[in-house]
Amino acid sequence: HVWGPITAARARAVSVAANRPRKRCEEILRAAALAALIAKYVHPMVVAAAEAGHVYCFSEIPTGDIAFQAIFEGSGAETHQEIGTLLAAHLAMDGFEVELRYHDPEYGLWRGFWVEKCNRLRLTLMW
């Protein structure tokens with residue numbers, strides 16, 4: 001094929017067009033995995049708490065969950081903490097206030113920061 005005159009702008013446009021299908025697939029994977037995590041771990045806790053008259057609930061998500069791993073691998077995130085931030089931002093769009101905690105299995109503590117051996121993410125949701 002022929003591009004015509006080769007310029008940086010044309011090369012950038014071709015590059016963006018070539019990457020669009022891959023990025024779209026990654027976005028679809030991320031959206032599906034987020035929806036799966038929220039439907040499996042968060043929504044049942046919200047419903048149970050709201051029906052009991054509470055205005056907050058806790059939800060724990062294992063970092064080994066396949067959807068959690070899919071988000072991590074498909075997002076280009078460097079740490080699992082970024083996945084917690086992504087979940088919190090997604091839930092905030094639905095009007096929830098979200099506090100994140102990370103489980104440190106070595107000491108049995110919930111921490112406000114990521115630890116390397118973290119095996120669970122705890123979301124505190126308030127409405």
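Start with the whole chain: among contacts (heavy atoms within 4.5 Å) between residues at least 6 apart in sequence, 54% join residues at least 24 apart. This is a predicted model, where local features need pLDDT of at least 70, side-chain atom pairs count only at pLDDT 80 or more, and totals for chains, interfaces and linings use all residues. Residues are numbered from 1 along each chain as its sequence is written, and side-chain values use heavy atoms, without hydrogens and water.

Follow the chain from the N terminus: the order is α-β-α-α-β-β-β. The radius of gyration, taken over C-alpha atoms, is 19 Å, well over the 14 Å that the globule rule (2.2 Å times the number of residues to the power 0.38) gives for 127 residues, so the protein is more spread out than a compact globule. Zoom out: the C-alpha atoms fill a box of roughly 65 × 35 × 20 Å along the principal axes.

Next, select residues 8–51, helix α1, and residues 81–93, helix α3. They pack at an angle of about 75°, with axes 11 Å apart. That makes α1 roughly perpendicular to α3, a label for angles of 65 to 115 degrees. Axes are lines fitted to C-alpha atoms over the stretch in contact, and angles run from 0 to 180 degrees between N-to-C directions.

Now show side chains. On α1, pick Arg30, Leu34, Leu37, Ile38 and Val42. On α3, pick Leu86, Leu87, His90 and Leu91. These residues make the contact.

Notes: Helix = DSSP H or I, 4+ residues; strand = E, 2+ residues; numbered from the N terminus. Parallel < 35°, antiparallel > 145°, perpendicular 65-115°, else oblique.
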